Every structure is written in C-alpha cells, then in structure tokens.
Amino acid sequence: QFYEMANFEPYCQLRKLESIPLRACFWSNPASHHQECIIFIGDKQGCVTVIITPNIYEAFKYWKLGSKAEGVPTYQIERLLDDNDAGCKIYRWSLHSEMVCEIHYFTELNSFASCSSDSQASLVLASPSGSTPPDLLVTTSYGGGARLRATIPTKSRISDDHKVFKVSKGVSTVDFCPSSTLMVTGSVDELIRIWNPFLTSKPVATLAGHGSPLFSVIVDSGNNRLFSISSNNTIKVWDLVDYNCLCTLLPTSHKCTGIVEATHHNPVSRVLALGGDQLAILRLQEPPGISNSAIQSHKGGLVGVQYTPYFKYIVTACDKAVIKVWDIMTGTCLFEFSADFKRGGGITAIDIDESGRRLVGGGEMGEIKLWNFNNGQCIQVLDKGNNAEVTDIKFVTVNKNRYIVAVGWDKRVNLFADTGESLTQVQRPIEAWISATEHRHKEDILCVAFGSQFMATSSYDGEIIVWSMVSGRPISKLNVPECKARSSGHFFAHDGMRHVNTMMV
C-alpha cells in the first residue's frame, strides 16, 4: 500500500504479487526531480520484484484508477507487463533459497542489495534491470495476464551480472558507507562484517561485541559512525575509521521495550528511531566543545605542548607562566594554574615523565619546578645555581636511573637525580656533570635530545656535541655548515644563521 503523507490515508495499492511481500525499498532519482523511481519488493520465496517507472506521479495517478478493494484503489501488478500507459518496467529476480530479510538500493553502486539467511546467497548485490539475456526469462500465464520471472533460481541472473556474498548463517541486515565505499552486514552469529563491495571472498574486517543476533546496522557516513542494534535491544556505536566500539547502550538506557521491529536514522536531525512496543527517539549529541575554528587557548605565546596517554590529556604552557590541562576528546580546558616563579618571568620549556603524572618546567629566569599537573601542586624545586634562561628540559632514564636534564643560556648541562619523591628541600644538580660539561659549548645551548646511552646538545653557533650518559664526556662534535648563497641567489636559511632549534633521535 502507498499512503498520502498529508493525512496518512491509503492512496492506492498493488495486489496479486507472486509471494507474500516482507520487505520493500523505494528510491527516487534527484536528477529527474524525483520523478524517476524504483520500487523493490522482497518476498517469502527469496525473490525480489523490481518496478521501474519514469514518472512516479503519473504511475500513481494511473494506479489510483483501479477498482477499489476494501475501500482502497487497487491495481493488479501483472497488468504492468501489458499496460503501456503507466510506462513501467517490472522484473522479478529469484536470488535466495530463503526469504528476503532486508533490501536496500545504493545509488553510488547503482545496485540493490538483498540479504537472506541463505548460507549460499547470503547477500546479493545486483543492478535493478540487469543484463540477463531474454532466453533465461519466460512468461507464464497467471490470471489472464503475464508474469516475468526466472525459470531456474540458480540461473535467474548470469554470473557476471551480480555479486554473491556467502556467510555461514546468512545475513540479516546490510548498509553502505559511500565515503569509504564499504558495505556493512549483521548476522545471526552476532558478528558485524565490513565488506569491499567488489570483493566477495572475505570481509575486510569483523567486529564482535554483541551477545545476540544482529537486527539492524545503520551507517552515518558523514561522521564515520556505525550503529548496530541486536535482538536484545542493545545498541552499539562504532568508529568506521579504526573499527573501535565507542559506546554501548543497554535497553535500560534507551528504555525501548518489547522487540524492536523497525529502525531509522536521520543524518540531518541526528536522530535514531527505534520502533517496538513504543517508539523511542534517541537524539545523537555532538561531543561538547568541539569546533573546527581555531580558538585562543592562552593570552601569551605557546612555549610547550605535551601529551599524557595515561590520562589522555594535553598540557600546554605559555610565556605568561600559565599552564593548562585539556581534554583531548572534547577540547575543553579542565584545569589551569600559574607556575608562580619567585624570580618572575614566563615558562620556556616543559616535559612530562614516563608515568604521565608529573610535569617539569623551566623559566626564563632560570627557575625549574616539578608539578602534579592535575591539581597544580608544586612537588619539588630544582636550583641550577644561576638565573640563565632554561631553553629545554627533559626527563631521561639511563640504566634504570632517572634524571632530569636542563640546558640553556648558562652553556652547560644541568643533570638532576629524579628520585620520584616529594622533597621539600631544594635540589641541586650533580656536580660531576657541571664540571664535565662546563665550557664545552661556547654559545647558549638551545635544545637537547637522547638516545639509549647518549645525549646530544646543540648551541646557538650550530655546534652539536654528543655525550656519553655513563661517563659524562663528549663522544663527538658535529658542526652545521655555514649557509652560503648560491649563484641563483637562493639561501639555505633565511637569516644565514647556523643554530639548531630542535633535535630528534
């Protein structure tokens, strides 16, 4: 039956289909102002009836002229073969040995997908009209009209005319993701399978997590999300990029009682509707605080950004001596505190230890502090004995011994023992390292990098020294070549300087 959307009253109906219709799908062509339409009807015999009309409005007017049955204008479907006034074409494809569970038309593939519990033809992907030769189709007399159908189910379509996907327990639901060109199926075996529509041999990925047969899968292509609903009314939301389960909604959460018989997703209003004993409307909310536009995170210039996988937080610092902690999932600022250096000045460098719990920061007046960045409490103060600016600072572990290394304008490496304890007294650097590295660099040290047993420091004049972390002595020295102009007038550096600002091992 077809209904009038204005008052939801029956408009007309098609009768005398070959078998009991179980599933239906309707597609209209936007290029023809939605006049060209295709109607798909899946039945109990595993067949799909396809009705193609060039103008659905004219077809409806013609079908409404039929005699009334039970007060509704009725049109006998076999008349579509003989009557040219409606301008319709009809095909009936025998695709499965079991009843049709679900049917969809995917515009991007110019094909419809029909799924069934049939293990040998669990999912069939085919074009509506197909290219099967006429000799494989016959007409049989039926009620004074004619019916078009395949003679033998296994030969209803030639092998090159459709694609067959096999799943041991069949497929109960299917959907398509246009952005990634992937099909998603759900089955009685409680598994979700991701398919390349052009490769039928095996799925691209298999997602497990449901404890009962899958009833429906719905793809939100715009947000790369997949919604799966099982027969026990459990809803799962999946990420279609890395195939992770983002959240699980139990029946007690969405309060949809009874057996879910229908589902619908509206990507515009971001609503997921479930139809059971009652209609449940789930509104999908955007994560708060996410914005594609840039925001001003600090009033001062950023001098450091660190990520802690333990808490999944981002820690930032600016030259106004302000440290902020951010939630990486929502982009919201969770907490902020001031470095509160006694000598004043802003922060110039930060680092987070391996545990992801402690933050160390150096200032432009030479001060160094350790904090618990979750509450802003200062754990320890490190004093290198001068007011020279700290340009880089790092946590490092050598042979199970933990250290904090700070370099800067004092032209030396300041190595502090990292005991991990909350000490109240001020800690001084290891004297042996001060004497070993003093006067090794002639200019300010700008950055430091670490390997397993060595350390590299770089100064403003472009000199790089590689140190042994065991003995504290230089292993080698590297010099950045001077930047000279080429004959074409192009330079290796804009200002002709040789200093290295960042190093990585």
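Tutor: First, the ground rules. This is a predicted model, where local features need pLDDT of at least 70, side-chain atom pairs count only at pLDDT 80 or more, and totals for chains, interfaces and linings use all residues. Residues are numbered from 1 along each chain as its sequence is written, and side-chain values use heavy atoms, with hydrogens and water left out.

Student: Why is the contact between arginine 193 and aspartate 189 called a salt bridge?

Tutor: A salt bridge needs a side-chain nitrogen of Lys or Arg within 4 Å of a carboxyl oxygen of Asp or Glu. For arginine 193 and aspartate 189, the closest N and O atoms are 2.7 Å apart. So the pair meets the definition. The structure holds 14 salt bridges.

Student: What makes glutamate 336 and lysine 324 a salt bridge?

Tutor: Their N to O distance is 3.8 Å, and the limit is 4 Å, so the label applies. Glutamate 336 lies in strand β29 (residues 333-338) and lysine 324 in strand β28 (residues 322-327), so the bridge ties together parts 12 residues apart in sequence. Strands here are DSSP runs of E, at least two residues, and helices are runs of H or I, at least four, numbered from the N terminus.

Student: Why is lysine 324 called buried?

Tutor: Buried means under 20% relative accessible area, exposed over 50%, and partly exposed in between (1.4 Å probe, protein chains only). Lysine 324 has 14%, so it is buried.

Student: What does aspartate 383 pair with?

Tutor: Aspartate 383 meets arginine 428 in a salt bridge, at 2.5 Å from N to O. Salt bridges with shared partners join Arg343, Asp383 and Arg428 into one network.

Student: What makes a set of residues a nonpolar core?

Tutor: Its members are buried Ala, Val, Leu, Ile, Met, Phe, Trp, Tyr and Cys residues, joined through side-chain atoms within 4.5 Å. The largest such core has 18 residues, and Phe2, Ile39, Ile51, Trp63 and Leu80 touch the most other members. The helix α1 gives the most to this core, with 5 residues. A second, separate core of 17 residues includes Cys25, Val48, Leu95 and Val100.
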